[in-house]
Amino acid sequence: MRWTQRAIRKLVERLEAEYGRDDVREHLDPLGELISCILSQNTTDATSFPTYFALRKKYKTWDAIARLPEDALADEIRAAGLANQKAKAILAALAAVRARFGRYTLEPLRKMSQEDAREWLESLPGVGPKTAAIVLCFGLGFPAIPVDTHVFRVSWRLGLIEKKVGPARAHRVLEAIVPQDLAYRFHVALIKHGRRTCTARKPKCVACVVRDRCRWYHEEGLQ
Ligand code: SF4
């Protein structure tokens, strides 16, 4: 089964008919997105978001955060886990932003191509393909596709990508085949499907609304 852009559009629509459509992005400013994303690594949003908002409430400007000694920042973000590592990455990211743009903002990335902006974000310490894609998509409105564990698993099971591509390269592979206007909806629909039906262990294939298009389902002879 070939995944044309039309077929991917249909896939998203079918998943949205099942789980609801989500066009609205509640996002932070791009730099806030980057810092909250670093904070969220290896933990849940439920843990990292309160830490992020408490930090922003206490220190009103990025400059105030950037001036904190590393151990003081680590104390402020302790609840998000890996505090020393994340404090180091946050201070390094803020320093790199200031060095590049002269102030604490990522707004100039909007004028770059998606690939140039991605390359620069990924050059920051502590920023990998997933964090960069989240900042590009949620913070800057580029048609990037963040690939988390659900998006990756559902994508390879459906046959949209090969599993051996790996999560890091999956961002670019998916962005090349998913219609640009669908990037955000695709990301959200696959996460919902991965959480509720196409779970890591024992996917609920019998109840799956897209099983007729699923390579894994057919190859495993589950039909
Ligand atoms: S048929 Fe099963 S493996 Fe395929 S997408 Fe649906 S739940 Fe996932």
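Student: How far apart do the C-alpha centres of domain 1 and domain 2 lie?

Tutor: They lie 28 Å apart. The domain bounds come from an automatic or database domain assignment. This is a predicted model: local features need pLDDT of at least 70, side-chain atom pairs count only at pLDDT 80 or more, and totals for chains, interfaces and linings use all residues. Residues are numbered from 1 along each chain as its sequence is written.

Student: Which residues go to domain 1 and which to domain 2?

Tutor: Domain 1 is 5–23 + 146–219. Domain 2 is 30–139.

Student: How many residues of each domain are in contact?

Tutor: Domain 1 has 8 residues in contact with 6 of domain 2. Contact needs C-beta atoms, placed from the backbone, within 7 Å.

Student: Which helices supply at least two residues of the domain 1 side?

Tutor: α10 (166–177) and α11 (183–196) each do. The largest share, 3 residues, comes from α11. Helices here are DSSP runs (H or I, at least four residues), and strands are runs of E, at least two; both are numbered from the N terminus.

Student: And what classes are the residues on that side of domain 1?

Tutor: There are 5 nonpolar, 2 polar and 1 charged. Ala, Val, Leu, Ile, Met, Phe, Trp, Tyr, Cys and Pro count as nonpolar; Asp, Glu, Lys and Arg as charged; the others, Gly among them, as polar.

Student: New topic, the ligand. How many residues surround it, and which are the closest?

Tutor: 14 residues surround the ligand. The closest are Cys198, Cys205, Cys208, Arg211 and Cys214. Near means a C-beta atom, placed from the backbone, within 6 Å of the molecule.

Student: Which elements give two or more residues to that shell?

Tutor: α9 (149–158) and α12 (215–219). α9 gives the most, with 3 residues.

Student: What does the shell look like by class?

Tutor: It has 10 nonpolar, 1 polar and 3 charged residues.

Student: Back to the whole chain. How many helices and strands?

Tutor: The chain has 12 helices and 0 strands.

Student: What share of contacts at least 6 apart in sequence join residues at least 24 apart?

Tutor: That share is 65%.

How values were computed
Two residues are in contact if their C-beta atoms, placed from the backbone, lie within 7 Å.
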